[in-house]
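Subject: Structure handover and notes

Dear colleague,

Please find the structure below, with my notes after it. Could you read them alongside the coordinates?

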Amino acid sequence: MSLNAVALTPIIPIVFAFALPMLSIVFKGNRKVVEGYALVGTGLTLLTSVLLFLKVYSSSAPLVYSFGGWRAPVGIIYEVDRLGALMAIVTTFLMFLITIYSYRYIEEGLEWYYTLYLGLEAGLLGVFLTGDAFNLFVMIEVTSIAAYALVMFYRNRWRALSAGLRYAFIGAVGTTIYFIALAIIYYAFGTLNMANMSALLHGMTFQVVGSPYASLVKASAVALALAVWAFLIKAAIVPNHFWLPDAHPAAPTPVSAVLSGLVVNAGVYAVMRFIFTIYRGTVPGVIHALSVVLMVVGAASALLGAVLMVVQRDVKRLIAYSTIMHMGYIVMAIGVGSQLALEAAIFHTVNHAIAKALLFLSVGIFIRMAGSRDIARLAGLGRKAPAAMVPLAVSALSLVGIPPFNVFFSKLLLFDALSQRSYVLALVLVVSSVIALTSYMRVLYEVWLGEGGEMREGGRKAGASMTAVCVFLAIVCVALGIAAPYVVAHYIHPAASQAVNYTAYVKAALSGVLKA
Amino acid sequence: MLEDFLWGISVVGLAVTLVISLYGIAVKPNLIKKLIALTILGDTANLIFIIIGYRLIYPVKPPILPVWKRSYVGTFAAHAVDPLPQALVLTAVVIGMAVNVLIAFAIIQLYRLHGSVDVRDLRQLPELPELTGGDEE
């Protein structure tokens, strides 16, 4: 059962995605059938990922599944440690809830929407579970293609197409750059298996693949520079951030929640995996240079995102800039490189995913009521729909870092980790949070107390399912905040300590071929 | 001598093509030309992978086992070219096709709606009418 959970988790959504168009022909696009089908697909995936999560947290070593029975380093393997399982369960949990929300929000083409949506889920899960650098490339492409198409979901609006095209061009360049990095890695290491790469870097010997073919330091310098550049494009870190503020608002709101909450995580997760598991403690000069770059671009993203939030009129664009800011925090923490910083980064990724998804979903209810994304047109609508106002306030205050909510505790951890390295970084965290607070206050003030409160012609009230999802996620935000010390001790700390334990990672994958 | 020259030419050629394609994607205003540059970038990356996979450390023969016997495997492994880069490039070609088709469709649709494939026509800031058009319809 354990190994099945590893294999099934990404396979269920891809099978459901490919079968959906045919099924919807049989049922003539019946919305109820399509929605039920999508709920079953995401629900089953949630179930297997919960099983996977429990299994990984109760076993001391990472779980390995070899596709087709070809063992590493020859075949492609999926290797799941606690970090991967944690990311996977956050993904499946949010995707399941957003499926409930989407039913009332997406009014046309529900079957195509869910085809792409399930494909996106499969790609994301593949990114988090894989143990092979080339399979990571494939899974990033699967995620990206689904994401480009979902950004262009409103295909009769040229602005959505334009934003999606910009995203597709920069994304395609990024993945091609990662492909070139893979060529260099393959040239030097003679392998693309992550555990095998780590073993070669740490000087462990093997029976199947011998010694590396070229200087690992030089090859790693070039390959890491290219690969991290590609991942930072996916994570929208500053020099490569420009696609995100167009692409995320252009998508339907549930998709914005998925893109801002989950898809950007694929980029930071890949950077974490490379720096903390594969390269932990090796090629010190390269890693040091890289960590300085990461800290600088992370700080730049945090400040730029915060400042540009202030001037936005489009509420979804404002939230998109906030995503850039939070990704900046996580990348800064990865740059610091200590285990505490990794813990902070993981916890912040989880908290940001939940709070940001909630913020998009609750603001989506008001956008639907007003028929507009302009903050001025949302004025006063909060009084009409208090059940959606509370989740909006919870998520906005949580993202700023107000104490009882979840993001406060990850920001606290981030502050600890950053100030151990440099007070400048900690100061960036505080200053950008304060600037972001003013923007969120502006949104909350307008929506709750603003003049107006008229529903526009053609505006629609939220369905009960949409509000219920928002309220539930708000409760999760509060619960994660209150239980934060427990969560950090029992889930985040083990994930971080297993992610930096490269010996266990290598041994789990290569136990048969490693020389004692 | 001639072999070195040819190798040098092809490596320099690849580097130049890579730069040209990135230039095309970044600078050309026409989306079709950007797409063409993107396909050139993808092909160059594939060719780089093939060249890098073609190690010059052993004599190269096609990776075909001549006789199905265990004793041949040793010589086969010592003489055959590494087939993995080709397999990886095949995968990348298929993925690249999917991305290119999606982008091509989006450009056609954009042309139908907007009457232009020039990015300079797409650059104006979102105006209020469009914003109030809202998230729906």
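A nonpolar core here is a set of buried Ala, Val, Leu, Ile, Met, Phe, Trp, Tyr and Cys residues joined through C-beta atoms within 7 Å. A residue is buried if 20 or more other C-beta atoms lie within 10 Å of its own, exposed if 12 or fewer, and partly exposed in between, with C-beta atoms placed from the backbone. This is a predicted model, in which local features need pLDDT of at least 70 and side-chain atom pairs count only at pLDDT 80 or more, while totals for chains, interfaces and linings use all residues. Residues are numbered from 1 along each chain as its sequence is written, and chains are lettered from A and ligands numbered from 1 in the order in which they are written.

The core

The largest nonpolar core has 250 residues, and those touching the most other members are A:Val151, A:Ala181, A:Leu182, A:Ile185 and A:Ala333. Its largest share, 24 residues, comes from H6(A). Helices (H or I, at least four residues) and strands (E, at least two) are DSSP runs, numbered from the N terminus.

Beyond its neighbours within four places in sequence, A:Val151 is in contact with A:Ala160, A:Ala163, A:Gly164, A:Tyr167, A:Ala247, A:Ala250 and A:Ala251. Two residues are in contact if their C-beta atoms, placed from the backbone, lie within 7 Å.

A:Phe137 lies in helix H5 of chain A. A:Phe137 counts as buried because 26 C-beta neighbours fall inside 10 Å. Leaving aside neighbours within four places in sequence, A:Phe137 is in contact with A:Thr175, A:Tyr178, A:Phe179 and A:Leu182. A:Phe137 and A:Thr176 are 39 residues apart along the chain, and their C-alpha atoms are separated by 9.2 Å.

A:Ile354, in helix H13 of chain A, is buried, with 23 other C-beta atoms within 10 Å. Not counting residues up to four places away in sequence, A:Ile354 touches A:Leu94, A:Asn406, A:Leu473, A:Val476, A:Cys477 and A:Leu480. A:Leu303 is 51 residues from A:Ile354 in sequence and 22 Å from A:Ile354 in space, C-alpha to C-alpha.

The contact between the chains

Chain A gives 34 residues to the contact and chain B gives 35 residues. On the side of chain A that touches chain B, helix H5 (133–151), helix H6 (158–189) and helix H13 (339–370) each supply at least two residues. H6(A) gives the largest share of that side, 16 residues. By class, the side of chain A that touches chain B has 19 nonpolar, 7 polar and 8 charged residues. Ala, Val, Leu, Ile, Met, Phe, Trp, Tyr, Cys and Pro count as nonpolar, Asp, Glu, Lys and Arg as charged, and the others, Gly among them, as polar.

Chain B has 5 helices and 0 strands, in the order α-α-α-α-α from the N terminus on. Of its 137 residues, 20% are buried. Among contacts in chain B between residues at least 6 apart in sequence, 53% join residues at least 24 apart.

A helix pair in chain A

Helix H15 (residues 386–400) and helix H17 (residues 423–449) of chain A pack at an angle of about 170°, with their axes 9 Å apart. H15(A) is therefore roughly antiparallel to H17(A). Axes are lines fitted to C-alpha atoms, for helices over the stretch in contact, and angles run from 0 to 180 degrees between N-to-C directions. Angles under 35 degrees count as roughly parallel, over 145 as roughly antiparallel, 65 to 115 as roughly perpendicular and the rest as oblique.

From H15(A) the contact takes A:Met389, A:Leu392, A:Ala393, A:Ala396 and A:Val400, and from H17(A) it takes residues including A:Leu437, A:Tyr440 and A:Trp448. The residues of this contact divide into 12 nonpolar, 1 polar and no charged.

Strands and loops of chain A

Strand E1 (residues 63–66) is joined by 4 bridges to E2(A), and the two run antiparallel; strands pair if DSSP finds at least two bridges between them. A:Leu63 stands opposite A:Val80 in E2(A). Strand E2 (residues 77–80) is covered on both faces, with A:Ile77 and A:Glu79 buried on one side and A:Tyr78 and A:Val80 buried on the other.

Which values of phi deserve a look? A:Ala236, a residue other than glycine, has a positive phi near 60°. A:Ala236 is in the loop between helix H8 (216–235) and helix H9 (244–250) and counts as buried, with 29 C-beta neighbours inside 10 Å. A:Val283, also not a glycine, has a positive phi of about 30°. A:Val283 lies in the loop between helix H10 (253–278) and helix H11 (284–310) and is partly exposed, with 18 other C-beta atoms within 10 Å.

Regards
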